[in-house]
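Hello,

I am handing over the structure we spoke about. Please look through it first; notes on what was found follow below.

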Amino acid sequence: MAEIEIDGEKYRLLVDHDLCMGTRVCIARLPGVFTVDDDTNLSSASDDVLDPALIAQIREAIDDCPQEAIRLEKLG
Ligand code: SF4
């Protein structure tokens with residue numbers, strides 16, 4: 001689970017494993033953030049605090065995920 005600060009608010013970046021089909025589109029958009037487990041074929045976001053400059057690529061990954069499995073969830 002990754003965290004990112006957007007406009008002073010903290011969010012976590014999540015992949016819903018009930019929806020993910022392992023298409024790896026997210027890795028193409030953000031190779032340093034998402035990984036897909038070879039055994040489960042499920043994507044996860046890294047445990048890092050993400051650079052806010054990545055927000056455009058994150059939104060692209062959210063929009064382009066064919067399963068709508070990626071979301072940003074506000075913390076707090
Ligand atoms: S793009 Fe969506 S469905 Fe494909 S691996 Fe990433 S999270 Fe899973």
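Two strands are said to pair if DSSP finds at least two bridges between them. Helices (H or I, at least four residues) and strands (E, at least two) are DSSP runs, numbered from the N terminus. The model is a predicted one, in which local features need pLDDT of at least 70 and side-chain atom pairs count only at pLDDT 80 or more, while totals for chains, interfaces and linings use all residues. Residue numbers start from 1 along each chain as its sequence is written.

The hairpin

With those terms in place, β1 (2–6) and β2 (9–15) pair in the antiparallel sense, over 5 bridges. Within this pairing, Glu5 stands opposite Lys10 in β2. The hairpin has 2 residues between its strands, and Asp7 takes a positive phi near 50° there. Asp7 is not a glycine. Most residues other than glycine have a negative phi. Asp7 counts as exposed because it has 7 C-beta neighbours inside 10 Å. The scale used here calls a residue buried if 20 or more other C-beta atoms lie within 10 Å of its own, exposed if 12 or fewer, and partly exposed in between, with C-beta atoms placed from the backbone.

Arg24 also has a positive phi, near 70°, and is a residue other than glycine. Arg24 is placed in the loop between β2 and α1. With 14 C-beta neighbours inside 10 Å, Arg24 counts as partly exposed.

The chain as a whole

The protein chain has 2 helices and 5 strands, and from the N terminus its elements run β-β-α-β-β-α-β. A compact globule of 76 residues would have a radius of gyration near 11 Å, and the chain agrees with that at 12 Å. (The radius is taken over C-alpha atoms, and the globule rule is 2.2 Å times the number of residues to the power 0.38.) The C-alpha trace spans about 35 × 20 × 20 Å along its principal axes. Of the 76 residues, 25% count as buried.

Two residues are in contact if their C-beta atoms, placed from the backbone, lie within 7 Å. Among contacts with a separation of 6 or more, 66% join residues 24 or more positions apart.

As for confidence, pLDDT is the predictor's confidence in each residue, from 0 to 100. The chain averages 95, and 100% of the residues score at least 70. Among the elements, β1 has the lowest mean pLDDT (94), and strand β5 (residues 70–74) has the highest (97).

The ligand and Cys65

Which residues are closest to the ligand? They are Cys20, Thr23, Val25, Cys26 and Cys65, out of 16 residues that surround the ligand. A residue is near a molecule if its C-beta atom, placed from the backbone, lies within 6 Å of it. The shell divides into 11 nonpolar, 4 polar and 1 charged. Here Ala, Val, Leu, Ile, Met, Phe, Trp, Tyr, Cys and Pro count as nonpolar, Asp, Glu, Lys and Arg as charged, and the others, Gly among them, as polar. α1 (25–29) and β3 (34–36) each supply at least two residues of this shell.

Cys65 is found in the loop between α2 (55–64) and β5. Cys65 counts as buried because it has 22 C-beta neighbours inside 10 Å. Leaving aside neighbours within four places in sequence, Cys65 is in contact with Val25, Cys26 and Ile70. Cys65 and Met21 are 44 residues apart in sequence and 9.7 Å apart in space, C-alpha to C-alpha.

Regards
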